[in-house]
Structures are given as structure tokens and as C-alpha cells.
Amino acid sequence: MNSVKRWVVSDGTCPHCAPHSSNHFLTKYVVRVSSFFFPFPAAIPRYSLGRLRNIWRLCADWCADTITRLLLFLCIAKANPIENVKNILTPHMRLIADECSRRRLPLFMVSIFGAPTPRFFIATNNSKRFFDELPIPHGREKHPFADKAYVREALLKHAIPVARGAVLKHFRHAYKYLNVRYTFPLVVKPRYGSLSRHITLDIRSTEELRSAIAIAQGIDSNFIVEEQVPGNVFRAILINGKFVACARREPRYLIGDGIHTVKELANIAHASGALLSSFALSEMIPKRGEKIYIETKMTGGHKPVIHDVTDVVHEDIRELLERVATIFSAKLIGIDFIAQDITLSYTKQPFVVLEVNGMPHIALHDNPMTGKSRAVAGPLLDAFLDADNL
């Protein structure tokens with residue numbers, strides 16, 4: 001039994017996955033299956049089978065809806081009014097629930113044998129509109145966005161700026177190209193993954209590079225080495241190919257008071273962060289008003305500081321982001337990119353698209369520290385309900 005648990009249960013202790021739970025065995029299994037269809041970046045156009053995958057996605061969505069209806073009919077599954085389960089919803093689904101409540105749209109969560117599932121439906125016009133996790137028009141996207149090599153190749157093919165780098169398999173390959181193609185600082189990340197798992201930033205030596213590659217290969221034998229582009233990190237949301245919201249993300253930080261050490265400030269604020277494990281940092285006394293970053297990653301689980309910049313994004317950047325959404329024919333997409341000044345054209349500054357996400361965290365834009373709150377749930381629900389002209 002213990003051996004079974006070791007394989008299938010999330011250990012939840014991996015420092016390179018924290019604060020998100022981890023299941024390295026499951027991740028590696030998914031990677032192997034994905035690699036069968038996408039063996040290496042140069043083969044992606046040949047193996048993508050776009051039209052066949054579209055047909056498969058439509059069939060999968062139809063089967064999922066049909067099976068859910070059957071389970072509901074047999075009373076194996078139960079439709080729970082969203083008001084009864086609101087306390088267990090994810091932050092972005094709470095926004096959808098609030099928007100449905102405001103519009104008086106009946107929203108239900110499907111549970112099986114009493115266990116909640118990420119499957120929901122909206123009852124409208126005597127029909128049930130099913131969706132998983134978020135109400136995306138026409139269901140989930142067909143693209144494997146978690147495969148960073150696939151996304152990178154697609155962006156390069158359409159002349160979208162990305163960080164200079166390559167998909168590699170061995171440290172010796174990275175070391176061989178280091179003096180020819182790369183310059184420090186570098187970023188290393190597994191080819192397949194999400195939520196910044198096993199990503200190492202600000203690599204400045206061959207020893208750090210070797211260690212970062214070992215970390216990335218903890219979940220995928222293939223890894224990506226890229227130059228670290230200077231600038232701010234942004235996340236944009238696009239719905240039906242149209243720009244909706246954009247936020248600048250900043251790693252979590254503490255503000256110095258000139259009296260307390262970083263460790264004491266963290267205790268006062270009940271804050272935690274990966275960088276606090278450094279003795280030199282935790283014992284430092286920052287100046288009054290000085291920012292001390294206690295995290296390096298900026299996913300939702302790392303509680304980044306959010307600044308809304310929607311109204312000041314340069315028109316050229318908006319058009320480029322909409323072109324990215326068009327490349328993937330995405331009805332809902334989150335695009336992460338780096339820019340030094342969001343008010344300038346991307347052609348006049350260091351600018352790269354980092355990655356795309358088919359299930360973006362829309363709650364990111366709801367309550368920023370600075371700037372306006374952006375109600376992404378409303379436009380998303382409009383697109384979902386209008387998808388079939390309902």
C-alpha cells in the first residue's frame with residue numbers, strides 16, 4: 001500500500017513546486033505521452049495533427065456532456081446550486097458565480113457520490129450549458145499550452161518575439177552553446193509544466209546552470225534554456241481574440257522600517273516566502289521604505305503584488321497580443337510577457353512573450369493593489385453564452 005501511495009499521491013513537499021502540490025510521477029507520465037506526439041520542436045508541424053485534434057476535442061466535449069447528463073439522470077451525479085457550494089469554489093469561479101447571480105442565471109456544480117467536481121453548468125432556455133473550471137466558449141483549447149516547446153515554436157513561426165534560447169536534453173549541450181549563443185543571466189525551465197514548477201531564474205554561472213538543469217529534469221528530461229530578458233512581467237487576458245485586461249505582476253515583498261530585520265518584518269506581517277530561508281536576507285535590516293522581495297516566482301500561489309495597467313498599454317502591444325490569440329484561435333487566453341515600459345511600442349524596447357495559458361487566473365485582475373479592478377468574468381460569460389447564439 002505504501003508503495004502505491006508513493007506513486008499516485010501528491011507528496012506536497014517538493015521545494016521546486018511549492019506552494020503548489022506536486023506529483024512528479026504523474027507529470028512525467030503526461031510528459032511521456034505528450035512527447036510521443038511532439039517528439040522535438042522541429043517535428044511539431046508534422047506531428048500536430050491540428051484538424052484531427054479538433055475533431056477529437058469536439059468528440060471529447062460531446063462525450064463528456066452526454067456522460068454528465070446520463071449520470072445526472074441516474075442520480076449518480078447531483079446538481080448542486082452554486083449558493084450551497086460557494087465556500088469550496090476557486091477564486092475565479094467565485095467571480096463567475098457572482099456574475100451569474102447578478103444576472104439571475106442558475107449555475108450548478110456537478111458532484112459525484114457527494115464529491116465535488118470541477119464540472120459546472122448554466123441552466124438557460126430549458127437547456128444545460130456544461131463547462132469545466134471556467135466557461136470557455138466552445139470548451140477548452142486544442143493546443144497543449146503546457147508544452148513550452150510547442151508554444152515557443154508556434155510563436156517563432158509567426159515572428160512573435162521570444163527570449164533567445166533552445167530546447168535541450170543534456171547539460172553538455174547547454175555548456176557547449178553557452179559561449180556561442182547565450183549570455184548570463186539565464187532561465188532554465190522544464191519543457192512541460194505550469195505554475196512555475198521547477199523553474200530557476202537569474203542563473204549567473206555554469207555551476208548554477210548545472211544545478212538548474214537537474215532541477216528542471218526532475219519532471220522532464222527535456223528542458224529549455226533562455227536568456228533572462230530585463231523588464232517587468234505582465235499578464236494580459238484576451239477573450240474572443242480581443243484585449244480585455246492587463247496587469248503587471250511583482251514578486252511578493254516586505255517594506256523596511258529601518259528598525260526590524262527581514263525575519264522580524266515577516267513575522268509581524270505573518271508573511272512567508274522562499275527567499276526567507278536565506279540567513280543573510282532574513283537577518284538584514286532594510287532601510288525605511290526599502291522593498292525586500294521574499295519571493296522570486298509570481299504565480300497565484302506565490303501571492304504576487306498586482307498592478308492594473310490596462311488603460312496605458314501601448315496600441316502596438318495590444319495588436320501583438322491579439323495576434324498571438326489569433327495564432328492559437330483561442331477564445332480565452334492569458335499571455336505572459338516582459339516589457340520595460342508598457343506605454344512604449346514593443347519595437348522600441350526589450351520585449352518577449354514568455355508563455356500562454358488556456359486557463360488563466362482571471363481573479364488576478366479583480367482586486368489589484370494599484371489601478372482599477374477589471375471584471376473579466378462578465379466578458380467571459382458573455383462570450384460563453386453567445387457562442388451558440390443563445
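How many residues lie between E9 and E10 in their hairpin? The answer is two, and Asn240 in the turn has a positive phi of about 55°. This is a predicted model, where local features need pLDDT of at least 70, side-chain atom pairs count only at pLDDT 80 or more, and totals for chains, interfaces and linings use all residues. Residues are numbered from 1 along each chain as its sequence is written, and side-chain values use heavy atoms, with hydrogens and water left out.

Strands here are DSSP runs (E, at least two residues), as are helices (H or I, at least four), numbered from the N terminus. Pairing takes at least two DSSP bridges between two strands. On that basis, E9 (residues 232–239) pairs with E10 (residues 242–250) in the antiparallel sense over seven bridges. Among the bridge partners, Arg235 goes with Ala247 and Ile237 with Ala245. E10 is also joined to E13 (residues 305–308), again antiparallel, through four bridges, with Glu250 opposite Val305.

Put together, the strands make an open sheet of five with antiparallel pairing, in the order E13-E10-E9-E14-E15. E13 and E15 (351–357) sit at the edges with a single partner strand each, so one side of each has no neighbour in the sheet. Neighbouring strands are turned by 30° against each other on average, direction ignored. Angles run from 0 to 180 degrees between N-to-C directions, using axes fitted to C-alpha atoms (for helices, over the stretch in contact).

Then there is the helix: H11 (residues 315–327) packs on the sheet and touches E9, E10, E14 (332–339) and E15, contact being heavy atoms within 4.5 Å. The direction of H11 makes about 135° with that of E14.
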